Amino acid sequence: MKRVLIIGASGGIGQALATACTARGHDVAGLSRSLDGFDITDERVVNHHLEQLTRPFDMVIVATGALEIDGAAPEKTIKAVTGKAMMDQFAVNALGPALVLRHAADLLPRDKKSVFAVLSARVGSIGDNRIGGWVSYRSAKAAVNQIVHTTAIELGRTHSHAICVSLHPGTVATPFTEKYLGRHPSVPPEAAAENLLGVMDTLTPAQSGQFFDWAGEAVPW
């Protein structure tokens, strides 16, 4: 039986991941803002909650994120960027995961395989950007990819069996994406969860620090 920690366990993908892991017979712990007051952007709150957990975990998944914050939709052009909207995106989508990743070395075992996965987005890929737009969200996701990659390098020095990666879940039919579902094929959260767990099952420590999509294909930085 594996021990799994899911950050953002009450969200669409997080809840589906928790259900799927429980069905596999894993021991699942979850944290979320709505159920536990876990504000991923508040350093003191993150530290308090994570330090109370019984460790280690075989798998830690950060399934938090936001596309629209306080009604600010993704920008269609750089001219639409505002300081508040961009900083809000960085707080939730980059700083938040970084505050959790600070605890990665304490949350994961040193003597066996473990996975620390952060849900990112393909639009955070600089190399895959062909149409522009969505400046703040893209930039925040590109930032979290760099944070994950850097953490993986550091983690590998002390946890040789650990795998730290960014994962793109695809377009998932949740309240997070409901305004944009007509533009791309989507899958229900349950399917996304199984896809993501399938990818994590196959990863090796040699792939730590990389960025993969729901099908296990590498996404360019």
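Trainee: Is Trp221 buried, partly exposed or exposed?
Mentor: This is a predicted model. Trp221 has a relative accessibility of 40%. Buried needs under 20% and exposed needs over 50%. Trp221 therefore counts as partly exposed.

Trainee: Phe211 pairs with Trp221; how is the pair classed?
Mentor: The ring centres are 5.9 Å apart. The planes stand at 25 degrees, and planes under 30 degrees apart count as stacked. So the pair of Phe211 and Trp221 is stacked.

Trainee: How many residues apart in sequence are the parts that this pair ties together?
Mentor: Phe211 lies in strand β6, residues 211-213. Trp221 lies in the segment after β6. The pair therefore ties together parts separated in sequence by 10 residues.

Trainee: Is Phe211 buried or exposed?
Mentor: Phe211 has 1% relative accessibility. The cut-off for buried is under 20%. Phe211 therefore counts as buried.

Trainee: What kind of aromatic pair do Trp134 and Tyr137 form?
Mentor: The whole structure holds two aromatic pairs. In the pair of Trp134 and Tyr137, the centres are 6.0 Å apart.

Trainee: Which residues does Met59 touch?
Mentor: Met59 is among the residues with the most contacts inside the largest nonpolar core, which has 27 residues. Residues up to four places away in sequence are not counted. Met59 then touches Arg3, Val4, Leu5, Val115, Leu197 and Met200.

Trainee: Where does the charged end of Arg3 sit?
Mentor: Its CZ must be within 6 Å of a ring centre to count as over the ring. The charged end of Arg3 is 4.4 Å from the centre. The ring is that of Phe57.

Methods
Residues numbered from 1 in each chain as written. Predicted model: local features only at pLDDT ≥ 70, side-chain atom pairs only at ≥ 80, totals over all residues. Heavy atoms only, no water. Core = buried A, V, L, I, M, F, W, Y, C linked by side-chain atoms within 4.5 Å. Buried < 20%, exposed > 50% of the residue type's maximum accessible area, 1.4 Å probe, protein only. Contact = heavy atoms within 4.5 Å. Phe/Tyr/Trp six-rings, centres within 6.5 Å; stacked < 30°, edge-to-face > 60°. Helix = DSSP H or I, 4+ residues; strand = E, 2+ residues; numbered from the N terminus. Lys NZ or Arg CZ within 6 Å of the ring centre and 35° of its normal.
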